[in-house]
Amino acid sequence: MFSRICLSCRILQVNSKNYPGALYRLQDASFNTDSTLQSQRNTHKRFRILRRLKIMGPPRKDFPNFEEMREKQKMTPAEQRQDMKKDGRMPPRSDRVRPINISCTGVIIDQYVPPEGDGKMSSISGEGAKQRLKEFGKKGQSYMQLRKIKQFDEDFEVKEFAQTAQEMYIEAQNLLQDVEKNEDKLHELCSEKAYPEMTYMLEEKTFRWRFLESVEPPRVVYVRTQDMMSKENQYAQVTVRMHLKQTLAVYDRFGRRMYGSENIARDMVEYIVFEKHLSNLYGIWRVHGKIVPDWMPVSEPVIRTYRKKEFEEIVEETEDSTDKEVVSKDDNPTVATA
Amino acid sequence: MAVKISKMCWNVLSTHPRAVLRQVPKCSSMAAVSLQPQCSAPSLTSILASRDIHTCTTLHKQNMFDPKFKYLKYNKIVYPPQEEGEPRRPAEVTYVRSNIKYSPDKLWYMAIMIRGMSIDEALKQLSFHKKKGAMFIREALLEAQEEAVSKHNVEYKSNLWIEDSNVGKAFHIKGIRRHARMRYGFIQFKYCHYFVRLREGKPPKHYLAPPETGHQKMKNTLQEHRNKRVFGGL
């Protein structure tokens, strides 16, 4: 009560040219007397504009607005375009030309479909023998394509190639354990399509892969060639079936096991596609991709659990737009999908 | 002020020196532009614009709009795989909310308040806090939590505690304020950074040193008395 300062008799006079009628009495201004520094300051709402006028420094609008910038960074390209359109600006366009890579194709040509349950049946059993027979029927096309490879590469031997291909694959997998160090060597062993696929999400993780033994000798199951842009520019792709005993483990940044185990060995049948740029005099065979058949069971999930994300339901577009609005307003549906 | 801002914008063009060494075209083009009117002959220009020499003067300055923090390098550390039976190594996530339009001096109170709290407790305390700065910290914590779960293999988002919570000074703008009798004063419009380190697990019982028990206090006091020496005495 006593600490309140009453300055009712003081009158503040302002330049009437700028603020006509700005003649106020300070009688109901309350003062904060908690700290000595604040005590002499006027905190009344009514004089806020006048107090602001005392500041001669840089105008507020010149201050960089980082909040706005942060929001704009989160925008999707479509939203960005919309935002720029509002201001009448041209959409963002870069002068950079997209590079074209012709040292490898971007796809697996005419993908090989592995027989169902491959690797589980012995070739002596009835089911296994049937599979072998079926495969034999499919080989016609591959022989035609093989002849084409031999036009460019006379020394190409299918049996020898299967063995070298397996060695190449094992080396590439071993090098994957330290991508940063072995980047150059990996580019020699993998095509430009395969490299990003193999190294995806491996940064800041520890990847451990070990080859134990070859259960079955590797064999070539499929051969295809294709030209790109011109007839002379030829590419060859060879699918090799490998049956390897191996261990795999992935550790996270803190050395905690995320996936697999180093102690459990597994027999895996793998179909690896190798590619060579035939027209290139110095072209080499490189790992190009892996075929994962549709019938294969889903691989083991990672050890940790995840929280299910909640997505908004996508309302299907109907002709009657008014009907749709009513539904979305009333129900506001949200359906959780993984 | 307009001059000041434009100078700052100029810094956007130049980035960190190490980054510039890699982005050669950026640097060389700037050098070429600035030097072309002076010497049209390609000799000097081409030498200066070559790969490893940069001719920009503001290279050492940090980009205000995209600051690089050493603090975030903790997120790049990769630990070796753990042996079986070893206690599980708790995850550590650092996060920086940069360039907040708020005074670092004021934000500091909220920053130290949440040290050693579990993340849920900190979020709760901040949401009831009166000051505006609490909102910034709360947002930063939520973002850090999200990052921990999505990027750093933290399984449960509530299983985190605040190991480190600090405030840093960002750039300040100088302003002038009119006083009575032809006098003036300077004001600073301040920006700040907020740094937080989250650690997986439950918070420790005592974030700081544990309080002394009665016995310890008594011991200390006695020791203090015993340490007394009469000046000039034996």
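This is a predicted model: local features need pLDDT of at least 70, side-chain atom pairs count only at pLDDT 80 or more; totals for chains, interfaces and linings use all residues.
Colleague: Okay, let me try that. Is B:Asn153 buried or exposed?

Modeller: B:Asn153 has 20 other C-beta atoms within 10 Å, so it counts as buried. You'll find B:Asn153 in the loop between helix H7 (133–151) and strand E2 (160–178) of chain B. The backbone there is worth a look too, as B:Asn153 has a positive phi of about 60° without being a glycine.

Colleague: And B:Met182, is that one buried or exposed?

Modeller: With 6 other C-beta atoms within 10 Å, B:Met182 is exposed. B:Met182 also has a positive phi of about 60° although it is not a glycine, and its loop runs between E2 and strand E3 (184–200) of chain B.

Colleague: Can we use burial for a whole helix? How many buried residues does helix H3 (residues 77–87) of chain A have?

Modeller: The count is 0 among its 11 residues, so H3 of chain A is hardly covered. Just after H3(A) comes A:Gly88, with a positive phi of about 75°.

Colleague: Which residues does B:Ala144 contact, leaving aside its neighbours within four places in sequence?

Modeller: Those are B:Val93, B:Tyr95, B:Val196 and B:Leu198.

Colleague: How do I read a sheet? What is the strand order in the open sheet of chain A?

Modeller: Follow the strands from neighbour to neighbour. The order is E3-E4-E5-E6, 4 strands with antiparallel pairing. Strand E3 (206–227) and strand E6 (286–291) of chain A are at the edges with a single partner strand each, so one side of each has no neighbour in the sheet. On average, neighbouring strands of this sheet are turned by 30° against each other, direction ignored.

Colleague: And how many bridges join E3(A) to strand E4 (residues 234–251) of chain A?

Modeller: There are 17, and the two strands run antiparallel. For one pair, look at A:Thr225, whose bridge partner in E4(A) is A:Ala236. Helix H5 (residues 158–175) of chain A packs on the sheet, touching E3, E4, strand E5 (257–277) and E6 of chain A. The direction of H5(A) makes about 135° with that of E3(A).

Colleague: What about the interface between the chains?

Modeller: The size of an interface is often given as the accessible area lost when the parts come together. Here we can count residues instead: the contact takes 25 residues from chain B and 20 residues from chain A. On the chain B side, helix H1 (2–13), E2 and E3 each give two or more residues, and E2(B) gives the most, 5 residues. By class, that side of chain B has 13 nonpolar, 5 polar and 7 charged residues.

Key: Residues are numbered from 1 along each chain as its sequence is written. Chains are lettered from A and ligands numbered from 1 in the order in which they are written. A residue is buried if 20 or more other C-beta atoms lie within 10 Å of its own, exposed if 12 or fewer, and partly exposed in between; C-beta atoms are placed from the backbone. Two strands pair if DSSP finds at least two bridges between them. Axes are lines fitted to C-alpha atoms, for helices over the stretch in contact, and angles run from 0 to 180 degrees between N-to-C directions. Two residues are in contact if their C-beta atoms, placed from the backbone, lie within 7 Å. Ala, Val, Leu, Ile, Met, Phe, Trp, Tyr, Cys and Pro count as nonpolar, Asp, Glu, Lys and Arg as charged, and the others, Gly among them, as polar.
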